[in-house]
Amino acid sequence: MLRATQRLRVQLNRLQVLKYEYVHDVMEKRGPHREGHIALAKKWKDAGKVKLGGAFDPASQGAMIVFAPGVEAAEIEADFVRQDPYVAHGVVKGWEIAAWNDVVENL
């Protein structure tokens, strides 16, 4: 246990997180576009640009994708969000990219 006078040295990983807000009937609307959405995520994962991602449970609460260190918001917007069939076909009604400091991974 750490005492109040001790300090834990932590290495932060600065990551970008993409949060999608889905339409209320996402389960019905995503079907025709799911294969393209998953293929895009796999392409980014295979390139080492995505760490993890997926829908909340239930999916109507949206989804989140965590990008690898070094992937910046502008690239995510231009090359992921703008290319995602879910966005292009109205499955996503809103999205946000936020910087996130991961503390736990390197403990």
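Buried means under 20% relative accessible area, exposed means over 50%, and partly exposed lies in between (1.4 Å probe, protein chains only). The model is predicted: local features need pLDDT of at least 70, side-chain atom pairs count only at pLDDT 80 or more, and totals for chains, interfaces and linings use all residues. Residues are numbered from 1 along each chain as its sequence is written, and side-chain values use heavy atoms, with hydrogens and water left out.

**Exercise 1**

Task: Find where Asp-102 lies, and classify Asp-102 as buried or exposed.

Solution: 
- Step 1. Locate the residue. Asp-102 is in strand E4, residues 92–102. Helices (H or I, at least four residues) and strands (E, at least two) are DSSP runs, numbered from the N terminus.
- Step 2. Apply the cut-off. The relative accessible area of Asp-102 is 8%, so Asp-102 is buried.
- Step 3. List its contacts, meaning heavy atoms within 4.5 Å. Leaving out residues up to four places away in sequence, Asp-102 touches Gln-11, Leu-12, Asn-13 and Leu-15.
- Step 4. Check a separation. Pro-69 is 33 residues from Asp-102 along the chain, and their C-alpha atoms are 9.9 Å apart.

**Exercise 2**

Solution: 
- Step 1. Recall the rule. A salt bridge is a side-chain nitrogen of Lys or Arg within 4 Å of a carboxyl oxygen of Asp or Glu. Side chains of opposite charge can pair when their charged atoms come close.
- Step 2. Check the pair. The closest N and O atoms of Lys-93 and Glu-21 are 3.6 Å apart.
- Step 3. Classify them. Lys-93 is exposed at 55%. Glu-21 is partly exposed at 40%.

**Exercise 3**

Solution: 
- Step 1. Take the total. The whole structure holds 6 salt bridges.
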